[in-house]
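Welcome! Please take a moment to look over the structure below, and then we can walk through a few of its features together.

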Amino acid sequence: MFTGIIEAIGRVEALEDRGGDQRIRIDAGALDLSQVSLGDSIAVNGVCLTTVELTARGFAADVSRESLSLTTLGKLSAGARVNLEQALRLSTPLGGHLVSGHVDGVGTLLEVREDARSWRLQIHAPGELARYIAVKGSICIDGTSLTINKVKGAVFELNIVPHTLSATIIGDYRVGTQVNLEVDLIARYLERLLLGEQAAEHSGAGLTEEFLRRHGFA
């Protein structure tokens, strides 16, 4: 588990093909690796990866075909900057929200505009994730815990304050940038709970207006 509070910005040193999947090597920058052991989890742009090598400057992790297909990690190249966060410890302040590091989909940046010293971002999410995105709810963008300001269909807006711009890779974003999205896991479990006993045979389409009306929720 993670908090969505980015601890450091790292750089991709190399991406090595390994029989259909990849090993990614990261220069961890200012990330303190003194308490990291082989097998520990580190979130890279919001993707939970397992440390398989440790070096004086960073670490390496294997990226499965599943992760390559569902996240933006497969589009990275040597030199790319990445958000880094170590796994949550019980003593860690929960400054963001509970984040699993399991990416739900890839969004696309539609608009960037300045608002005083902050940035306003509009991001288009995959249609199947729209039902989990709510005004003033939480969402994780490339591993960064953020609050949703506005929602219209599958498009949502974020306000990025100066500290977040400087402490994460969000300052590198441009229109068209693709980002990893993880929705609030409470919303995912709530949907499953509302399905009740029907969850076992449900088609996987999620809650529908018809389902809610039939069960007295609408």
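Predicted model: local features only at pLDDT ≥ 70, side-chain atom pairs only at ≥ 80, totals over all residues.

## A buried aspartate

Asp142 counts as buried because its relative accessibility is 2%, and buried means under 20%. You will find Asp142 in the loop between S9 and strand S10 (144-152). Its backbone deserves a look too: although Asp142 is not a glycine, its phi is positive, at about 50 degrees.

## An exposed lysine

Lys136 also has a positive phi without being a glycine, here near 70 degrees. This residue sits in the loop joining strand S8 (118-124) and strand S9 (138-141). Is Lys136 buried or exposed? With 60% relative accessibility, Lys136 counts as exposed.

The largest pocket has a volume of about 300 Å³. Asp142 is one of its lining residues, and others include Asn45, Arg81, Ile169 and Tyr173. The lining is made up of four nonpolar, four polar and four charged residues.

The second largest pocket has a volume of about 220 Å³. Of its 14 lining residues, Arg131, Tyr132, Ile133, Ala187 and Leu190 lie nearest the centre. Which helix gives the most to this lining? That is helix H3 (residues 185-195), with five residues. By type, the lining holds nine nonpolar, two polar and three charged residues.

## A patch on the surface

Finally, look for Met1, Leu94 and Leu98, which make a nonpolar surface patch of about 270 Å². Met1 belongs to the segment before strand S1 (8-18) and is partly exposed, with a relative accessible area of 45%.

Key: Residues numbered from 1 in each chain as written. Heavy atoms only, no water. Helix = DSSP H or I, 4+ residues; strand = E, 2+ residues; numbered from the N terminus. Buried < 20%, exposed > 50% of the residue type's maximum accessible area, 1.4 Å probe, protein only. Patch = residues over 30% accessible without salt bridge, like charges linked within 9 Å, V, L, I, M, F, W, Y side chains within 5 Å. Areas by Shrake-Rupley, 256 points an atom, 1.4 Å probe, with all protein chains shown as cover. Salt bridge = Lys/Arg side-chain N within 4 Å of Asp/Glu carboxyl O. 1 Å grid on protein atoms, 1.4 Å probe; cavity = no way out; pocket = protein on both sides within 12 Å on 5 of 7 lines; lining within 4 Å. Points joined across faces, edges and corners; volume = space filled by probe spheres on them. Nonpolar A, V, L, I, M, F, W, Y, C, P; charged D, E, K, R; others polar.
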